[in-house]
Amino acid sequence: MAGLGLRCPSLSSSPLFNKTILSGERALVPWRIPKRQSRWTASAAVAISNTQTRERQRLKELFEEAYERCRTAPADGVSFTVEDFVSALDKYDFDSEVGTKVKGTVFRTDLNGALVDITAKSSAYLPLQEASIHKIKHVEEAGIFPGLQEEFMIVGENEKDDSLILSLRSIQYDLAWERCRQLQAEDVVVKGKVVGGNKGGVVAVVEGLRGFIPFSQISSKATAEELLDKELPLKFVEVDEEQSRLVLSNRKAMADNQAQLGIGSVVIGTVQSLKPYGAFIDIGGINGLLHVSQISHDRVSDIATVLQPGDTLKVMILSHDRERGRVSLSTKKLEPTPGDMIRNPKLVFEKADEMAQTFRQRIAQAEAMARADMLRFQPESGLTLSSDGILGPLTSDLPAEGVDLNDVPSAEEL
């Protein structure tokens with residue numbers, strides 16, 4: 001049987017043994033354990049096994065105790081009560097019905113809109129088309145960035161993930177209608193840009209809302225195509241949010257503007273078109289004529305050498321026929337020296353207000369002289385004119401019986 005076993009080389013024949021002996025080092029033979037050490041190892045293993053058994057038993061008892069406590073008295077020793085839990089839920093709960101307003105914070109934007117935290121179970125989304133009352137290509141154009149805190153309106157729910165759909169546009173519409181009602185009550189003139197039209201009139205945007213202007217309420221005879229993209233002065237005729245009706249009038253606004261045009265006042269206008277006899281100037285929605293003879297003191301043979309359509313300039317009101325809607329303008333009266341409008345129009349516009357003031361003073365003096373001449377023929381009025389051109393009661397420097405008419409020259413001698 002011994003011949004069938006494995007034969008191992010003796011330790012003395014091992015190269016490691018020989019190398020160790022020859023080198024004088026102490027050889028270690030790990031598979032030969034002394035008897036005393038073997039007895040200690042066995043005792044340690046038994047001790048470790050007993051310790052693990054006791055630890056497992058302790059953990060089992062702790063688990064059974066915790067299980068029994070959770071089954072019989074789960075709230076014992078817990079400071080957060082059921083009432084506290086319900087109160088916490090109520091604190092962060094809100095009405096998610098359509099039309100409800102909620103406060104939220106934008107935490108991310110993308111090409112299609114923005115994600116908003118409204119402290120709900122899931123985030124809400126603000127689509128691009130609901131981000132502003134105006135047409136925009138990105139939410140940033142409406143001032144929407146991460147970190148923005150705003151009030152939103154719930155307008156729907158996304159069935160795919162149960163997230164809510166929000167809107168700023170709906171809130172802005174409500175504010176726009178309120179603003180239009182206020183402006184109508186104050187009877188003020190507003191500006192509206194024409195964005196479309198039909199056979200009955202044109203559509204203009206005011207305060208973000210689309211209002212209708214019937215052709216009967218437009219002061220000019222321009223077509224819808226000619227008015228497209230132009231800004232018109234407007235007044236409110238009807239503001240009905242329930243029926244979504246906003247009716248505007250350009251005629252009413254023009255009447256107000258015309259009432260403010262005083263002779264001698266300086267206004268800013270834009271050259272609309274040129275004709276052989278002059279230039280038509282738009283002054284706040286009113287077309288005025290700058291006759292060729294009123295452009296400069298020097299002769300203007302070709303208006304196109306001085307003005308071009310689209311030019312912005314200052315003009316002075318010479319006359320205003322409200323019945324026929326005609327306004328006569330002048331830059332000639334604004335020239336510091338004759339010919340400046342041809343040679344140096346910039347100087348004319350810089351000195352326009354100063355020259356207009358001088359012109360008005362001359363007009364006032366001429367009117368004062370006319371009133372003085374009238375009083376000389378009507379002493380019974382009991383009024384006199386001071387050296388400043390102010391009309392007042394007779395003073396002691398005039399005789400009570402009035403002026404001696406013998407001193408008045410005849411009309412033929414004037």
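The exercises below concern a predicted model, and each task is followed by a worked solution.

**Exercise 1. The chain as a whole**

Task: State how many helices and strands the chain has, and what percentage of its residues count as buried.

Solution: 
- Step 1. The secondary structure comprises nine helices and 17 strands.
- Step 2. The chain has 414 residues, of which 28% count as buried.
- Step 3. The accessible surface amounts to about 28400 Å². Carbon and sulfur atoms contribute 53% of that surface.
- Step 4. Among contacts in the chain with a separation of 6 or more, 53% are between residues 24 or more positions apart.

**Exercise 2. Strands 6, 7, 8 and 9**

Task: Determine in which sense, parallel or antiparallel, strand 6 pairs with strand 9 and with strand 7, and in which sense strand 7 pairs with strand 8.

Solution: 
- Step 1. Begin with strand 6, which covers residues 190-198. Strand 6 is paired with strand 9, residues 231-240, in the antiparallel sense over four bridges. Within this pairing, Gly 192 lies opposite Leu 232.
- Step 2. Strand 6 also pairs with strand 7, in the antiparallel sense and over five bridges. Two residues form the link of the hairpin that joins these two strands. Gly 197 faces Val 202 of strand 7, and Lys 193 faces Val 205 of strand 7.
- Step 3. Strand 7 pairs in turn with strand 8, again in the antiparallel sense, over six bridges. Here the bridge partner of Val 205 is Arg 210 in strand 8.
- Step 4. Finally, consider how strand 7 is covered. Five of the six residues of strand 7 are buried.

**Exercise 3. The second largest pocket**

Task: Find which strand gives the most residues to the lining of the second largest pocket, and describe that lining by class.

Solution: 
- Step 1. The volume of the second largest pocket is about 510 Å³. Its lining consists of 21 residues, and the closest to the centre are Ile 133, Tyr 173, Val 205, Gly 208 and Arg 210.
- Step 2. At least two lining residues come from each of helix 4 (169-186), strand 7 (201-206), strand 8 (209-214) and strand 10 (245-249).
- Step 3. Strand 8 gives the most, with four residues.
- Step 4. Sorted by class, the lining has eleven nonpolar, six polar and four charged residues.

**Exercise 4. Positive phi in loops**

Task: Locate Asp 187 and Ser 244, and decide whether each is buried, partly exposed or exposed.

Solution: 
- Step 1. Asp 187 lies in the loop between helix 4 and strand 6. Its phi is positive, about 55°, although Asp 187 is not a glycine.
- Step 2. The relative accessible area of Asp 187 is 47%. Exposed requires over 50% and buried requires under 20%, so Asp 187 is partly exposed.
- Step 3. Ser 244 lies in the loop between strand 9 and strand 10. Ser 244 likewise is not a glycine, and its phi is positive, near 55°.
- Step 4. The relative accessibility of Ser 244 is 56%, so Ser 244 counts as exposed.

**Exercise 5. Two residues and their contacts**

Task: For Ser 330 and Ile 303, list the residues touched, leaving out those up to four places away in sequence.

Solution: 
- Step 1. Ser 330 belongs to strand 15, residues 326-330. With a relative accessible area of 0%, Ser 330 is buried.
- Step 2. The residues touched by Ser 330 are Leu 290, Gln 294, Val 315, Met 316 and Leu 318. The C-alpha atoms of Ser 330 and His 291 are 7.5 Å apart, while 39 residues separate the two in sequence.
- Step 3. Ile 303 is found in the loop between strand 13 (287-291) and strand 14 (312-321). Its relative accessibility is 6%, so Ile 303 counts as buried.
- Step 4. Ile 303 touches Leu 274, Lys 275, Pro 276, Tyr 277, Gly 278, Val 292 and Ile 295. Ile 303 and Lys 275 are 28 residues apart along the chain, and their C-alpha atoms are separated by 8.1 Å.

Definitions and conventions:
Residues numbered from 1 in each chain as written. Predicted model: local features only at pLDDT ≥ 70, side-chain atom pairs only at ≥ 80, totals over all residues. Heavy atoms only, no water. 1 Å grid on protein atoms, 1.4 Å probe; cavity = no way out; pocket = protein on both sides within 12 Å on 5 of 7 lines; lining within 4 Å. Points joined across faces, edges and corners; volume = space filled by probe spheres on them. Nonpolar A, V, L, I, M, F, W, Y, C, P; charged D, E, K, R; others polar. Pairing = 2+ DSSP bridges. Buried < 20%, exposed > 50% of the residue type's maximum accessible area, 1.4 Å probe, protein only. Contact = heavy atoms within 4.5 Å. Areas by Shrake-Rupley, 256 points an atom, 1.4 Å probe, with all protein chains shown as cover.
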